[in-house]
Amino acid sequence: MIHREPDRGPRRAGDLPDDRPHFHGYLWQGSGEERYRGTPETYPDHPAFPSSPLPPQRMCWWLRKPASAVRGTWDGADGALAWLTGEYRKVLPQLRTDWPELMAPEARKPFWRDSLEQGTDVVCGHWLRGGNAFSATLVCCPNRWEGNLCPTSGRQSPAAGRG
């Protein structure tokens with residue numbers, strides 16, 4: 001059974017009162033070629049990783065970025081999904097697709113919600129017209145794949161378990 005806390009909307013760094021599960025949102029838009037060429041700064045052991053705007057190779061690695069990379073933090077799935085849907089709607093007219101009905105946020109939102117409620121990160125990444133790409137990511141914290149410091153509270157959170 002999943003216990004839902006009331007969603008209090010986005011939080012600022014330092015607002016996290018305890019280690020409750022929550023979601024951090026990350027956003028990137030830019031050159032698709034740059035994003036998908038496997039640049040070294042998308043790996044945490046690279047010196048430029050903390051300052052690189054590029055999405056990391058693993059979603060959970062977003063938590064290793066500085067707090068300034070976080071676009072929002074939410075206690076519940078509702079607020080996190082509202083943010084993701086809003087960001088996705090902004091680029092929807094630019095998507096490169098032959099099946100726009102499959103890309104509608106309403107078609108994707110049930111999957112996104114199920115993923116978050118199971119503690120799985122969600123990425124909404126697409127190619128855009130003109131060779132650009134878009135990535136909006138919701139990362140669960142603590143994360144099930146890797147223990148990291150929470151970027152907004154600085155608290156160590158163990159991996160929730162791979163499962």
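1. A disulfide is a pair of cysteine sulfur atoms within 2.5 Å. The model under review is predicted, and a search of the whole structure finds 0 disulfides. For C140, the closest cysteine sulfur is that of C141, at 8.9 Å, which is too far for a bond. For C150, the closest cysteine sulfur also belongs to C141; the separation is 3.8 Å, again too far for a bond. C140 counts as buried because its relative accessibility is 4%, and C150 counts as buried because its relative accessibility is 4%.

2. C141 deserves a separate remark. The peptide bond that leads from C141 to P142 is cis, with omega near 5 degrees. P142 is found in the loop between β4 and β5, the latter comprising residues 148-149.

3. Helix α2 spans residues 77-91 and has 15 residues. From its first C-alpha to its last it reaches 21 Å, close to the 21 Å expected at 1.5 Å a residue. The buried residues in α2 are A77, G79, A80, L81, W83, L84, T85, E87, Y88 and V91.

4. The largest nonpolar core has 19 residues. Within this core, the residues with the most contacts are L84, Y88, W112, L116, F134 and L138. Two or more residues of the core come from each of α2, α4 (105-117), β3 (122-127) and β4 (132-141). The element that gives the most is α2, with 7 residues. In soluble globular proteins, nonpolar side chains tend to be buried together.

5. Another core, of 8 residues, lies apart from the largest one; among its members are Y26, W62, A69 and C141.

6. The structure holds 4 aromatic pairs. One of them joins Y26 and W62, whose ring centres are 4.6 Å apart and whose planes meet at 15 degrees, so the pair is stacked; the cut-off for stacked is under 30 degrees. Y26 lies in strand β1 (residues 22-31), whereas W62 lies in the loop between α1 (32-36) and β2 (72-74), so the pair ties together parts that are 36 residues apart in sequence. Both Y26 and W62 are buried.

7. Two charged side chains are placed over aromatic rings. K65 lies over the face of F49, at 4.3 Å from the ring centre. The charged end of R144 sits over the ring of W145, 5.5 Å from its centre.

8. T73 lies in strand β2 and is buried, with a relative accessible area of 2%. What does the side chain of T73 make a polar contact with? The partner is the side chain of H24, at 2.8 Å.

9. P56 is found in the loop between α1 and β2. P56 counts as buried because its relative accessibility is 4%, the cut-off being under 20%. The C-alpha atoms of P56 and T39 are separated by 9.4 Å, and these residues are 17 apart along the chain.

Note on methods: Residues numbered from 1 in each chain as written. Predicted model: local features only at pLDDT ≥ 70, side-chain atom pairs only at ≥ 80, totals over all residues. Heavy atoms only, no water. Buried < 20%, exposed > 50% of the residue type's maximum accessible area, 1.4 Å probe, protein only. Helix = DSSP H or I, 4+ residues; strand = E, 2+ residues; numbered from the N terminus. Expected span 1.5 Å × (residues − 1). Core = buried A, V, L, I, M, F, W, Y, C linked by side-chain atoms within 4.5 Å. Phe/Tyr/Trp six-rings, centres within 6.5 Å; stacked < 30°, edge-to-face > 60°. Lys NZ or Arg CZ within 6 Å of the ring centre and 35° of its normal. Polar contact = N/O pair within 3.5 Å; in protein donor to acceptor, adjacent residues only side chain to side chain.
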